[in-house]
Every structure is written in C-alpha cells, then in structure tokens.
Amino acid sequence: MTLEEVVGSNSTEKKMETVSSALEELLVAAQRQDCLTVGVYESAKLMNVDPDSVVLCVLATDEEDEDDIALQIHFTLLQAFCCDNDINILRLSGVRRLSQLLEEQPEDSNGNGNGNEPRDLHCILVTNPPVQPLQCPSLQTVSSFCEESRCRNQWVPCLQLQDR
C-alpha cells in the first residue's frame, strides 16, 4: 500500500462519516419541520404532483432487501425520475439506524410515530417548499456530496449509516 492510498482512504472515510452525520441531522430536522415524505408509494405520488419541491431522495436497503425484485424496480424508476428532474439521490444502507432516527420522533401530522405500524423507510424524500424553506445547514453538505459524486460519474452515491 502506498502513502497516497493510506492518506486517500483515511480522508475518504472521514468524508463519508461527515456526510453520514449530516444526512442524519438533515433527516431529523426535515421531520421536525414536516419536510419529509416516507414510503415508496407516497414518494412517487409527491414527485408526480410537485417534483420541484423535492431536494433529496434517499433510497434505503439492507442486504435482505437486495433480492426484492419489486423494490429494485421501484428504485430504478425513482432514480430515473430523479435524474430527469435534477433531484439529488442517495442509496443508503443501515435501515435499522434510519428507523431509530425517524421512529423516535414525536407523532407527526399524519399520525406516524411511536406506537403505530412501522413505516416503509425504503424511500424518503426531503422537500424544501419555497413558502417556508427548510432551515438546515446539513442540506448543503449532503447536496455538495451528491454534486461531487456526479462529477466523478457516480450518479447514485452510496452511504452507510452506522448503528449506535
């Protein structure tokens, strides 16, 4: 292993940790501000009605979901739509951590929260309505990461959320 490989891998790991933390902060802040849409079908409906309000699409899976053909087809269609509409996309592993982040929040206006059926966390949209913009510095960090990834021809960057 060369010095460049050692230094490069350390900086890449730190960058990924920073972006993962920023994504966690963004999702919690977006949920608090009611700027989160959760679920594959709910997300598809919102993107059909108001794609301009969507600033990030998070597609989350774990190993057990990799063989779910229907889910993979939905992901392919969502990714294509996001690319056509300049919406940032992230693939995410660590659904359990995602569940911890979002399920521990108080009940929202749709009745989603603790004590109810678990939500479909495979697709999550972050919206930024022009009337009341999302106030979260983490949005810029995640958006920059997505843009840098596209510049490296990685159109759908992957992140891992670590269990805590």
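Two strands pair if DSSP finds at least two bridges between them. The views below come from a predicted model.

**View 1. Strand β1 pairs with β4.** Strand β1 covers residues 36–38. Strand β4 covers residues 123–127. The two run antiparallel and are joined by 3 bridges. Strands of a sheet pair through backbone hydrogen bonds, either parallel or antiparallel.

**View 2. Five strands form an open sheet.** The strand order is β1-β4-β2-β3-β5, and the pairing is mixed. Strands β1 and β5 stand at the edges. Each has a single partner strand, so one side of each lacks a neighbour in the sheet. On average, neighbouring strands are turned by 25 degrees against each other, direction ignored.

**View 3. Helices α2 and α5 lie across strands of the sheet.** Helix α2 spans residues 40–49 and lies across β1, β2 (54–61) and β4. Helix α2 runs at about 35 degrees to β4. Helix α5 spans residues 138–151 and lies across β2, β3 (88–93) and β5. Helix α5 runs at about 95 degrees to β3.

**View 4. D163 touches R96 and R97.** D163 is found in the segment after β5 (158–160). Its contacts with R96 and R97 leave out residues up to four places away in sequence. D163 and R97 are 66 residues apart in sequence, yet 5.2 Å apart in space, C-alpha to C-alpha. D163 has a relative accessible area of 40%, so D163 counts as partly exposed.

Notes: Residues numbered from 1 in each chain as written. Predicted model: local features only at pLDDT ≥ 70, side-chain atom pairs only at ≥ 80, totals over all residues. Heavy atoms only, no water. Helix = DSSP H or I, 4+ residues; strand = E, 2+ residues; numbered from the N terminus. Buried < 20%, exposed > 50% of the residue type's maximum accessible area, 1.4 Å probe, protein only. Contact = heavy atoms within 4.5 Å. Axes fitted to C-alpha atoms, helices over the stretch in contact; angles between N-to-C directions.
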